[in-house]
Amino acid sequence: MSSNEVENLIIIGGGPAGYTAALYAARAELNPLVFEGFEWGGQLQNTTEVENYPGFPEGIMGPEMMTRFREQAERFGTRFVNDDVDRVELTDGGIQKVFLGDEEYRAKAVILAMGAEPKRLGIPGEMELMGRGVSTCGVCDGAFFKDKETMVIGGGDSAIEDAVFVSKFASNLELVHRRDEFRASKIMQERAAETDNIEFKTPYVPEEFIAGDDGSLEKVRLRRSDNGQAEDVAVDGAFIAIGHIPRSEIVTGQIDTDEEGYVEVDPASTATNLGGVFAVGDLVDHTYRQAVTAAGSGCQGALDAEWYLRDSDL
Ligand code: NAP
């Protein structure tokens, strides 16, 4: 691919936001170039069945859904680079530059759609048992634990929201937090306290996820934060809800981000503080982080980029 040309639009990110932006931009005949990342597909690539994306009443596997997103963008002429961007040089209203090693790509507009990743505990068994009883998304996977023993780890609004959601299916749920005080809003805490099958378990730090003979999660080893005592709790499902990290590292220092690293956009659009640079999906979203909201945001980004290019002198 020639790097001497100036592209209309480069999209960085191969999740629901990036592919939807590509679909709309391709249909607007912007001939977008998507840097989808080596592990394209985003968080849905690590998800099993998606049951909450409208239009799929029978559900769809996460990787299959992302393949379809990608194919739909490709159908209208989107080009893909299956590699991770190393760095960018962003300007306010000028030509934007994207680098793969020393290879330089230039564009009149860029849509940033690098997403976010759930924070991990970094303890033994966590990655090995992901999808086999350990999950980072209660809203996605809670329904698979009907009448099962479950646990949610975390003390913020996400943890409580996951706990309340998962408890609708589970027989019992332990809400494990490392401190006695919860960070979550009072109203959310009350909601959890009022739910019969949710039990608060504090102050405990998870130390290890342990598999049973069938290779799926059997118990979680906890340690009391105050007296150091260890305890094993038998559960079928454990949900980690300790926050997310936006994948904004390649733009940090070049664009306005908030204290947590989320890219800041004009509340009414996807415009960043730099002309011609737009940001969409989980990279900007503290709150919703759903495939459907990311896709909607990607659509907005493509329309914003289209209008920017129409009015630009570049
Ligand atoms: P958060 O507010 O940052 O809370 C993260 C929680 O995880 C904290 O309680 C933290 O403990 C704990 N934690 C972090 N690292 C840990 C570790 N290594 N081991 C054990 N525990 C750990 O994140 P969030 O709950 O995802 O919420 C993010 C934002 O979205 C917030 O602004 C929240 O209000 C918003 N949100 C709102 C709603 C709603 O209103 N319906 C729903 C979801 C999210 P410490 O407290 O000890 O630091």
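I started with Gly156: one of its polar backbone atoms is 3.4 Å from an oxygen atom of the ligand. I took a polar contact as a pair of N or O atoms within 3.5 Å; within protein, one must be able to donate a hydrogen and the other to accept it, and residues adjacent in sequence count only if both atoms are side-chain atoms. Ser158 uses its side chain, where an N or O atom is 2.6 Å from a ligand oxygen. At His286 I found a polar backbone atom 3.3 Å from an oxygen of the ligand. How much of the ligand does the protein bury? The ligand taken alone exposes 920 Å², and 73% of that is buried by the protein. These areas come from the Shrake-Rupley method with a 1.4 Å probe; for residues, only the protein chains shown count as cover.

**What I am looking at.** This is a predicted model, where local features need pLDDT of at least 70 and side-chain atom pairs count only at pLDDT 80 or more, while totals for chains, interfaces and linings use all residues. Residues are numbered from 1 along each chain as its sequence is written, and side-chain values use heavy atoms, with hydrogens and water left out.

**The shell.** I listed 13 residues around the ligand, of which Asp157, Ser158, Arg178, Arg179 and Arg183 come nearest. Being near means having a heavy atom within 4 Å. By type, the shell has two nonpolar, six polar and five charged residues. Asp, Glu, Lys and Arg count as charged; Ala, Val, Leu, Ile, Met, Phe, Trp, Tyr, Cys and Pro as nonpolar; the others, Gly among them, as polar.

**The sheet.** Next I traced an open sheet of three strands, ordered E14-E15-E16 with antiparallel pairing. The edge strands are E14 (204–211) and E16 (230–234), each pairing on one side only. From one strand to the next, the twist averages 25 degrees. Axes here are lines fitted to C-alpha atoms, for helices over the stretch in contact, and angles run from 0 to 180 degrees between N-to-C directions. Strands (E, at least two residues) and helices (H or I, at least four) are DSSP runs numbered from the N terminus, and two strands pair if DSSP finds at least two bridges between them.

E14 and E15 share seven bridges, and there Phe209 stands opposite Val220 in E15. Five bridges join E15 (residues 217–224) to E16. Along that pairing I noted Lys219 opposite Ala234 and Arg221 with Asp232 as its bridge partner.

Both hairpins got a look. The one of E14 and E15 has five residues between the strands, and Gly215 takes a positive phi near 85 degrees. In the hairpin of E15 and E16, also with five residues between the strands, Gly228 has a positive phi near 75 degrees.

Most residues other than glycine have a negative phi, and most peptide bonds are trans. Which bond is cis? I found one joining Thr202 and Pro203, with omega about -15 degrees. Pro203 sits in the loop between E13 (198–201) and E14.

Asp147 is not a glycine, yet its phi is positive, about 60 degrees. I placed Asp147 in the loop between helix H3 (138–141) and strand E11 (149–153). Asp147 counts as exposed because its relative accessibility is 56%; the cut-offs are over 50% for exposed, under 20% for buried and partly exposed in between (1.4 Å probe, protein chains only).
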